[in-house]
Amino acid sequence: DFGAKELAEKRRFFIALAKLAGPLLVPYFGEVLVRKRFFYRTRETDIKQCAIAALGSVGNDEARTFLKDAAATQTGIVREKAVEQLRTLGLRDEEIG
């Protein structure tokens with residue numbers, strides 16, 4: 001069961017997917033960020049963190065747009081990880097919003 005894996009392992013999987021597919025999977029990773037589920041909040045937070053890592057791995061304009069949206073609309077650790085990833089991509093705080 002993928003959901004039972006450790007966060008680090010899930011993150012590595014998402015990054016590997018991003019490296020293999022590149023920009024093709026950016027819309028999917030972006031969709032993962034906007035999903036809202038009532039149940040399984042912890043699992044969903046983990047998957048969103050993985051999507052953020054994958055988007056950062058791709059790092060193109062579309063990926064940055066999804067990361068900026070996550071930084072503006074998400075809360076808690078998901079927002080923090082989006083901001084962190086944008087900084088890693090070279091964006092300054094005033095560019096992040």
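Helix α4 gives four residues to the lining of the largest cavity, and that is the largest share. Bear in mind that this is a predicted model. The count comes to one cavity of 30 Å³ or more, and the volume of the largest cavity is about 40 Å³. Around the largest cavity you will find G30, L33, V34, F66, D69, A70, T73 and Q74. Two elements, α2 (26-34) and α4 (61-73), each give two or more residues to that lining. Sorted by class, the lining has four nonpolar residues, three polar and one charged.

Next, the packing of two helices. How far apart are the axes of α3 and α5? They lie 9 Å apart, and the angle between α3 and α5, residues 76-88, is about 10°. Angles under 35 degrees count as roughly parallel, so α3 is roughly parallel to α5. On the α3 side, the residues that meet α5 are T45, K48, Q49, I52, A53 and G56. On the α5 side, they are I77, V78, K81, A82 and Q85. By class, the residues of this contact are five nonpolar, four polar and two charged.

Is E44 buried or exposed? E44 counts as buried, because its relative accessibility is 7% and the cut-off for buried is under 20%. What does E44 touch, apart from its neighbours within four places in sequence? Its contacts there are V32, R35 and R37.

Technical notes: Residues numbered from 1 in each chain as written. Predicted model: local features only at pLDDT ≥ 70, side-chain atom pairs only at ≥ 80, totals over all residues. Heavy atoms only, no water. 1 Å grid on protein atoms, 1.4 Å probe; cavity = no way out; pocket = protein on both sides within 12 Å on 5 of 7 lines; lining within 4 Å. Points joined across faces, edges and corners; volume = space filled by probe spheres on them. Nonpolar A, V, L, I, M, F, W, Y, C, P; charged D, E, K, R; others polar. Buried < 20%, exposed > 50% of the residue type's maximum accessible area, 1.4 Å probe, protein only. Contact = heavy atoms within 4.5 Å. Axes fitted to C-alpha atoms, helices over the stretch in contact; angles between N-to-C directions. Parallel < 35°, antiparallel > 145°, perpendicular 65-115°, else oblique.
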